[in-house]
Amino acid sequence: MKALCWHGKNDIRYETVPDPEIEDPRDAIINVSSCAICGSDLHLFHHFMPSMKSGDIVGHEFMGEVMEVGSDVKKLKVGDRVVVPFTITCGECDQCRRGNFSLCERSNRNKAMADKVFGHAGAGLFGYSHLTGGYAGGQAEYVRVPFADETHIQVPDTLTDEQVLFLGDIFPTGWQAAVQCDIEPTDTVVIWGAGPVGQFCVRSAVLLGAQQVVVIDNVPERLSMAQAGGAIPINFDEESVLGRLQELTHGKGPEKCIDAVGLESHVPRSPDSVYDRVKQSLWMENDRAHVLREMIYVCRPGGVLSIPGVYSGMVDKIPMGQLMNKALSVRSGQTHVRRWSDDLVRRIDDGQIDPSFVITHSVSLEDGPEMYNVFRNKQDGCVKVVLKP
Amino acid sequence: MNRSHSYMSHSLHGSDRLARGLGWFSLGLGLCQVLAPRKLTKPLGMEGFEPMVMACGAREIACGIGALSTNPTLAIWSRVGGDALDLAALAAALRDKHNPKKENVGVAMAALGAVTALDLYCATKLQKRYAYQAGPTPDYSDRSGFPHPVDSMRGAASDFETPKDMRAALPSPAKSPGPRVTPTTRSPIE
């Protein structure tokens with residue numbers, strides 16, 4: 001089959017690889033009809049995530065038709081149309097039973113390695129390094145889905161791929177980021193980053209009833225898309241983030257802050273960003289934490305910081321004094337996709353939201369490698385790329 | 001993980017590969033300049049200029065690290081600037097009447113000229129390839145994702161109840177009218 005494979009920094013290739021096979025009775029093989037490039041795939045592209053190996057198949061946003069099932073798979077049958085969550089979940093362990101699906105205790109098959117790095121491992125993820133299980137990703141023609149009875153979202157045939165594809169990651173990620181804020185009707189919710197996850201954070205915060213939603217970025221077309229969804233845009237190249245937020249909140253700061261940027265924040269004119277760039281280049285720091293620092297600074301005392309943005313390891317100069325003295329709550333984590341997916345399928349089916357608004361580029365899988373460059377450099381108005389195998 | 005057999009298209013272009021080559025070259029040359037400057041000054045008849053060569057080495061190392069980063073454009077342009085400075089220094093050495101190694105300086109200038117041309121070619125290609133936000137700025141102001149105007153969608157998911165484990169640790173600071181907590185006046189010890 002054909003797939004997109006990682007071969008090092010900035011190096012993704014469209015290659016011929018062996019077809020996946022059933023390895024466990026609980027597996028299923030999916031014939032991928034649509035997949036997408038996620039913002040967090042760029043962290044792999046830039047080689048900021050450790051434990052990638054040359055030839056690894058990337059991609060964790062995908063959907064398709066069940067082609068083959070293992071002997072122990074009961075809830076799926078050949079021909080079913082499913083979206084696959086990026087977090088692999090057994091559905092039986094203590095964490096899964098609590099709804100903490102992204103912390104599944106069984107699905108990371110490299111648990112020993114992850115335990116050493118994180119203290120305790122999280123769930124296995126598709127196409128996202130060997131630290132998260134080393135599973136082949138979904139930017140491919142076919143994918144093996146472990147624990148298939150639990151690791152799938154069945155979707156109605158009445159909805160198109162474009163409407164449901166993002167149920168596997170970015171829509172529930174934006175939703176969980178907003179839910180973690182415990183939004184009240186009087187709240188101002190500020191979202192750093194108007195990328196695909198940021199766009200879903202905006203829509204989720206609006207649907208959950210925030211009085212005011214603000215989005216911070218410097219890409220005009222992304223800001224205009226966020227504004228269309230109900231956000232007040234702040235272009236950090238053109239105005240002071242702090243000054244504008246003070247004005248919008250009558251000097252009190254926002255109650256809820258969401259980091260939809262993660263480890264590669266870049267604000268060229270900010271001294272701390274330059275500092276982070278230098279340290280990251282010298283392998284003295286993993287992540288660039290400008291957004292975290294700014295969130296902690298601007299948030300209203302007693303407020304909530306929600307962090308769906310991906311971080312990989314060590315960060316530097318985090319103002320713990322501000323965080324502690326302002327009694328801020330921090331909520332983060334990979335998304336517990338299955339916890340929200342049924343509710344979100346219903347909301348799409350009811351017409352409350354159509355997630356396809358975010359798609360700006362739809363190309364063949366073969367064009368995927370070049371789209372990594374286009375997406376990374378935010379060229380050609382690119383916000384979200386869908387690939388068709 | 002599956003392993004590859006052959007590939008048809010890839011994200012790494014010729015200019016990226018050239019930038020990597022120049023990056024490793026920069027690192028190697030920079031280390032030589034920093035660790036053994038006399039190995040360069042002596043054949044060029046430039047004894048006494050070791051501190052300057054070492055400074056150039058530090059610059060080369062910085063450029064090398066930049067050229068191997070996710071966006072090598074700035075580092076390669078820095079190399080072009082560095083090449084110009086190096087050419088100027090060599091030109092001064094060539095004009096020095098007392099320099100007994102002028103032939104070597106000439107050869108070095110020719111080699112550096114070729115490298116400069118390569119750097120310039122690479123930087124120009126990368127400039128276009130890595131141009132941030134290049135291309136037209138589309139208008140996405142009609143992409144709300146909602147079936148109705150935003151104001152009528154605000155709170156449309158009010159049937160959703162925040163799970164217990166995701167509720168805010170403290171009452172919302174702006175909640176109004178909302179409940180207010182009366183501070184206790186009694187000592188908790190009594």
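**Entry 1: second largest cavity**

I looked up the second largest cavity in this predicted model, and its volume is about 30 Å³. Grid points are joined across faces, edges and corners, and a volume is the space filled by probe spheres set on the points. Under this rule I have 2 cavities of 30 Å³ or more.

I noted the lining of the second largest cavity as A:Thr173, A:Gln176, A:Ala177, A:Gln180, A:Pro308, A:Ser332, A:Gly333 and A:Thr335. Helix H5 of chain A (residues 170–179) supplies the largest share of this lining, 3 residues; helices here are DSSP runs of H or I with at least four residues, numbered from the N terminus.

Local features need pLDDT of at least 70 and side-chain atom pairs count only at pLDDT 80 or more, while totals for chains, interfaces and linings use all residues, and side-chain values use heavy atoms, with hydrogens and water left out.

**Entry 2: H5(A) against H6(A)**

I followed H5(A) to helix H6 of chain A (residues 196–207), where the two axes come within 7 Å and cross at roughly 50 degrees; axes are lines fitted to C-alpha atoms, for helices over the stretch in contact, and angles run from 0 to 180 degrees between N-to-C directions. H5(A) and H6(A) are therefore oblique to each other. The contact, meaning heavy atoms within 4.5 Å, involves residues including A:Phe171, A:Thr173, A:Trp175 and A:Ala177 of H5(A) and A:Phe200, A:Cys201 and A:Leu207 of H6(A). I count its residues by class as 11 nonpolar, 3 polar and no charged.

**Entry 3: largest cavity**

I find about 60 Å³ of space in the largest cavity, whose lining is made up of A:Lys9 and A:Asn10 together with B:Asp16, B:Ala19, B:Arg20, B:Ala67, B:Leu68, B:Ser69, B:Pro72 and B:Tyr130. Helix H1 of chain B (residues 14–35) contributes most, with 3 residues. The classes are 5 nonpolar, 2 polar and 3 charged.

**Entry 4: H3(B) against H4(B)**

I then looked at H3(B) and H4(B), whose axes come within 9 Å and cross at roughly 160 degrees. They are therefore roughly antiparallel to each other, the cut-offs being under 35 degrees for roughly parallel, over 145 for roughly antiparallel, 65 to 115 for roughly perpendicular and the rest oblique. Among the residues that meet are B:Arg59, B:Glu60 and B:Ala67 in H3(B) and B:Arg79, B:Leu85 and B:Asp86 in H4(B). The contact divides into 8 nonpolar, 3 polar and 4 charged residues.

Conventions:
Residues numbered from 1 in each chain as written. Chains lettered and ligands numbered in written order. 1 Å grid on protein atoms, 1.4 Å probe; cavity = no way out; pocket = protein on both sides within 12 Å on 5 of 7 lines; lining within 4 Å. Helix = DSSP H or I, 4+ residues; strand = E, 2+ residues; numbered from the N terminus. Nonpolar A, V, L, I, M, F, W, Y, C, P; charged D, E, K, R; others polar.
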